[in-house]
Amino acid sequence: MARRLIELPAPRGPLSERLFEALEGPPNEGLEPPEPIDPADPIADEDLQLALYLAYEIHYTGIRGVDEAWEWAPSLLAFRAGLERPFEAAVAELVEPAAEEELASVGAALQAIVAEDPGPPLSRYLETQGTQEQVLEHVVHRSAYQLKEADPHSWAIPRLPPRPKAALLEVQADEYGGGDVERMHSVLFAKTMTALGLDSTYGAYLDRLPAVTLATVNLVSGFGLHRRRRGAAVGHLAGFEMTSSIPNRRYGNALRRLGFGREATHFYDEHVEADAVHENIAAWDLAGGLAADEPEVAADILFGARALLEVEARSATHLMESWERGESSLRDPVAVAA
Ligand SMILES: [Fe+2]
Ligand SMILES: [Fe+2]
């Protein structure tokens, strides 16, 4: 498996241009603090989401030609904060604040929240009628997260008290294959990509991913990298696990319908079983456990789950609407082998 090293993508506007230009120079030089920005739709703003994605990505991966010392450069952190502000505000606008009575049982509240998933029926569409091209596009969108699956939530580990920490570790141990690299979920996803004739190199499709897809990863990176958002990170993971089992069965079915074998479907099949277990650990032991130990973050746990569903819904809606118009949902379509 190739080591994590990405190329700087092409900038998509003045913010990403300024950031990438500075990153190619000496650490902490040449990056002025940003003026307050006020994009019309921060979640779909290509320039903002790509710049933010790179500002977070430097914590996960090497970037060719970029000095690793940039990671904690004060000017980068200040610049990133200027990007985070409008994004966080836009997400907060989408999310209903937690009701007082929900806080009495965070596990039960999470179950009610995921039962009202605002997203379009993307997995059902792909299962029953998605074309090969659309199924592959969906895999390319997901690669932004799945090739580093579990990593954003791992930032929360040292920030949790013992009981929820143990629950998080129980989930994460499975995500990382219980110490067996061949069973690591990010590795299984890479195998799916290879079996589908896609490039499984980390970051290979970054230039093709639209803002709404980058936003789904930026959301969880932001939760993971800020200790003050540990509740939201936990709620995001709980929401993720609780909405994973059934869609993953459908994605696997979509691939089977199109004639792909076990190599391609293993990642999805694995999640049908694993996440049926994870959803209970995540809702009750992890989220419920954290709310019991630190009631002051209970509302943010529910925020994290709702934010996940809303931002994922934006991305899924983009895919469905692009396909309805007969267009690619990527910025540049991938070639599909006949
Ligand atoms: Fe997983
Ligand atoms: Fe899982």
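E175 bridges two iron ions, ligand 1 and ligand 2, which lie 3.8 Å apart. The model is predicted. This report takes the iron site first, then the helix packing around it.

**The iron ion (ligand 1)**

Four residues coordinate the iron ion (ligand 1): E149 (OE), E175 (OE), H185 (ND1) and H271 (NE2). Their distances run from 1.8 to 2.1 Å. The 4 donor atoms around the iron ion (ligand 1) subtend angles of 81 to 170 degrees, so the arrangement is irregular. Along the chain, the donors of this ion follow the spacing E-x25-E-x9-H-x85-H. Distant parts of the chain are linked here. H185 sits in helix α9 (residues 185-195), and H271 sits in helix α13 (residues 262-293). The two histidines are 86 residues apart.

**Helix packing**

Two packed helices are described by the angle between their axes and the distance between the axes.

| Helix pair | Axis distance | Crossing angle |
|---|---|---|
| α10 and α11 | within 7 Å | roughly 135 degrees |
| α11 and α13 | 8 Å | about 155 degrees |
| α2 and α10 | within 9 Å | roughly 45 degrees |

Start with α11 and α13. Their axes are 8 Å apart and meet at an angle of about 155 degrees. That makes α11 roughly antiparallel to α13. α11 passes α13 in a left-handed crossing. From α11, the contact uses R230, G231, V234, L237, A238, E241 and M242. From α13, it uses D275, H278, E279, A282, A283, L286, A287 and L290. By class, this contact has 9 nonpolar, 2 polar and 4 charged residues.

Next come α10 and α11. Helix α10 covers residues 211-225, and helix α11 covers residues 230-242. Their axes come within 7 Å and cross at roughly 135 degrees. That makes α10 oblique to α11. The pass of α10 over α11 is left-handed. On α10, the contact residues are L219, V220, F223 and G224. On α11, they are A232, A233 and H236. The residues of this contact divide into 5 nonpolar, 2 polar and no charged.

Last, helix α2 (residues 46-60) comes within 9 Å of α10, axis to axis. The two cross at roughly 45 degrees. α2 and α10 are therefore oblique to each other. Their crossing is left-handed. α2 brings E46, Q49, L50, L52, Y53, Y56, H59 and Y60 to the contact. α10 brings A211, L214, A215, V217, N218, S221, G222 and L225. The contact divides into 10 nonpolar, 5 polar and 1 charged residues.

**In brief**

Helix α13 carries H271, a donor to the iron ion (ligand 1). E175 coordinates both ions. Helix α11 packs against α13 and also makes a contact with α10. Helix α10 in turn contacts α2.

Definitions and conventions
Residues are numbered from 1 along each chain as its sequence is written. Chains are lettered from A and ligands numbered from 1 in the order in which they are written. This is a predicted model: local features need pLDDT of at least 70, side-chain atom pairs count only at pLDDT 80 or more; totals for chains, interfaces and linings use all residues. Side-chain values use heavy atoms; hydrogens and water are left out. Axes are lines fitted to C-alpha atoms, for helices over the stretch in contact, and angles run from 0 to 180 degrees between N-to-C directions. Helices (H or I, at least four residues) and strands (E, at least two) are DSSP runs, numbered from the N terminus. Angles under 35 degrees count as roughly parallel, over 145 as roughly antiparallel, 65 to 115 as roughly perpendicular and the rest as oblique. A crossing is left-handed if the near helix is turned anticlockwise from the far one by less than a right angle, and right-handed if clockwise. Contact means heavy atoms within 4.5 Å. Ala, Val, Leu, Ile, Met, Phe, Trp, Tyr, Cys and Pro count as nonpolar, Asp, Glu, Lys and Arg as charged, and the others, Gly among them, as polar. Donors are N, O and S atoms within 2.8 Å of the metal (3.2 Å for Na, K and Ca); water is not among the atoms, so sites may look incomplete. Four donors count as tetrahedral if all angles lie between 85 and 135 degrees; four count as square planar and six as octahedral if opposite donors are over 155 degrees apart and all others between 65 and 115; anything else is irregular.
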